[in-house]
Amino acid sequence: ELQFGSNHLGPFALTGLLMPVLQRADAPRVMSTSSIVARVGRWQWNNLNAERRYSAWGAYALSKLANLAFARELQRRSDLEGWGVTSTAAHPGGTSTNLQVTGPRDGRPVEGAAKRRMDRIMQTVDEGIRPALVAAASPTALPGAYYGPNGAMEVRGAASLAWVPFPARDASALVRLWDVSEQLTGVRYAEHAETVSR
């Protein structure tokens, strides 16, 4: 499925292949971009590639849940295996981008008056990027942390720690996603990562 492949499997594989380079850096950090939509994402273990049924938003939500789960599991494994890599995640809240018009949808795109109303409650791109900048570059960003806007329902506001949806807290699901991702991509982190001492 294109969204699961592009949003999750691609970054999962790329990060695994880049582990030797990351581990040579002074303070390696991997930041994964999730979405507020991850809150409605559900694990569909028998339908990860949407071969049985398809919902554009359901597939998008699953891919964004997978981004967050990957970030959390990467940090756990880095700590456990001594990889020396910090993993963080962020979501931009409600940010007005072309995703509302060109992104995944199961019906008509949001346009006209509906788009104008949506734009009034959403942040600008400059505001929405702040949680990702904190997660990617701030020296105070916490390993394994998830950042997003601090306003009502995390739609807008200053960058702060975000609420982690329950499916992304399920340790067994995170391990299962990792194993499935290695199988689907053929990238096995144990073949690329080394234990490093810092």
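The buried residues of α6 (buried means under 20% relative accessible area, with a 1.4 Å probe and protein chains only) are covered by elements that include β1, β2, α5 (125–128), β3 and β4. Those buried residues are P131, A132 and A135. Seen down the axis of α6, they fall within an arc of 95°, so they line one face of the helix; the arc is that of the directions from the helix axis to the C-beta atoms. Keep in mind that this is a predicted model: local features need pLDDT of at least 70, side-chain atom pairs count only at pLDDT 80 or more, and totals for chains, interfaces and linings use all residues. Residues are numbered from 1 along each chain as its sequence is written, and side-chain values use heavy atoms, with hydrogens and water left out.

**The sheet**
- Four strands make an open sheet, ordered β1-β2-β3-β4, with mixed pairing; strands are DSSP E runs of at least two residues, helices are H or I runs of at least four, and both are numbered from the N terminus.
- At the edges sit β1 (29–33) and β4 (159–161), each pairing on one side only; two strands pair if DSSP finds at least two bridges between them.
- On average, neighbouring strands here are turned by 30° against each other, direction ignored.
- Helix α6 (residues 130–137) packs on this sheet and touches β1, β2, β3 (146–149) and β4, where contact means heavy atoms within 4.5 Å.
- The direction of α6 makes about 160° with that of β1; angles run from 0 to 180 degrees between N-to-C directions, and axes are lines fitted to C-alpha atoms, for helices over the stretch in contact.

**A look at β1**
- β1 and β2 (residues 86–90) run parallel, joined by five bridges.
- S32 stands opposite A89 in β2, while M31 has T88 as its bridge partner there.
- The covered face of β1 has V30 and S32, and the uncovered one has R29, M31 and T33.
- In a regular strand, side chains alternate between the two faces of the sheet.

**Where α1 meets α7**
- Helix α1 (residues 2–24) packs against helix α7 (residues 171–185) at about 90°, with the axes 10 Å apart.
- That makes α1 roughly perpendicular to α7, a label for angles of 65 to 115 degrees.
- F4, H8, L9, F12 and A13 on the α1 side meet L177, W178, S181, E182, L184 and T185 of α7.

Terms used: Angles under 35 degrees count as roughly parallel, over 145 as roughly antiparallel, 65 to 115 as roughly perpendicular and the rest as oblique. Buried means under 20% relative accessible area, exposed over 50%, partly exposed in between (1.4 Å probe, protein chains only).
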